[in-house]
Amino acid sequence: MNKIRLLSRLQDFFNADDKEKKKKAKDIADVIEKLQAKERKINQMLDDCKDEEMKKALQLEANIISAQIEKGLSVLESL
C-alpha cells in the first residue's frame, strides 16, 4: 500500500470519528430541547394545580427533568 493511500485511509478514519461526535452532540441537543419543552409544560401544570399531592409529584418530576437537562448540558460541553 502506498503512502498516499495509507494517509487517505487514516484521514477518513479520523474524520469518521469527528462526524460521530457531531452526530452525538446533535442528538443530545435535540433531547435537551425536548426536555426543556416538557419542563415548561410541567411547570405550567404545577402553576395551575390546586391539589397538594399532585403538586408534590409534579415538582419531583420537574426536579428530575431539570437534573437531566443539566447533565445533558455538561455532557454536551465535554464533547
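A: Start with exposure. A residue is buried under 20% relative accessible area, exposed over 50%, and partly exposed in between (1.4 Å probe, protein chains only). The model is predicted, so local features need pLDDT of at least 70, side-chain atom pairs count only at pLDDT 80 or more, and totals for chains, interfaces and linings use all residues. Residues are numbered from 1 along each chain as its sequence is written, and side-chain values use heavy atoms, with hydrogens and water left out.

Our part is helix H1, which covers residues 3-48. Helices (H or I, at least four residues) and strands (E, at least two) are DSSP runs, numbered from the N terminus.

Look at Phe13, in H1. Its relative accessible area is 57%, so Phe13 is exposed. Phe13 also belongs to a nonpolar surface patch, together with Leu6, Leu7, Leu10 and Phe14. The patch has an area of about 530 Å². Such areas come from the Shrake-Rupley method with a 1.4 Å probe; for residues, only the protein chains shown count as cover. Patches take residues with over 30% relative accessible area and no salt bridge; like charges are joined within 9 Å, and nonpolar side chains (Val, Leu, Ile, Met, Phe, Trp, Tyr) within 5 Å.

At 48% relative accessible area, Arg9 is partly exposed. From Arg9 to Lys21 is twelve residues in sequence and 19 Å in space, C-alpha to C-alpha.

Now the charges. Side chains of opposite charge can pair when their charged atoms come close. A salt bridge needs a side-chain nitrogen of Lys or Arg within 4 Å of a carboxyl oxygen of Asp or Glu. The whole structure has two salt bridges.

One joins Lys23 to Asp27, at 3.1 Å from N to O. Both residues are in H1, four residues apart, about one turn of the helix. Lys23 is exposed at 54%, and Asp27 is partly exposed at 37%.

Another joins Lys26 to Asp30, at 3.2 Å from N to O. Lys26 and Asp30 are four residues apart in H1, so about one helical turn separates them. Lys26 is exposed at 52%; Asp30 is partly exposed at 29%.

Last, the neighbouring helix. H1 packs with H2 (residues 52-78) at about 160 degrees, with axes 9 Å apart. That angle makes H1 roughly antiparallel to H2. Under 35 degrees counts as roughly parallel, over 145 as roughly antiparallel, 65 to 115 as roughly perpendicular, and the rest as oblique. Axes are lines fitted to C-alpha atoms, for helices over the stretch in contact, and angles run from 0 to 180 degrees between N-to-C directions.
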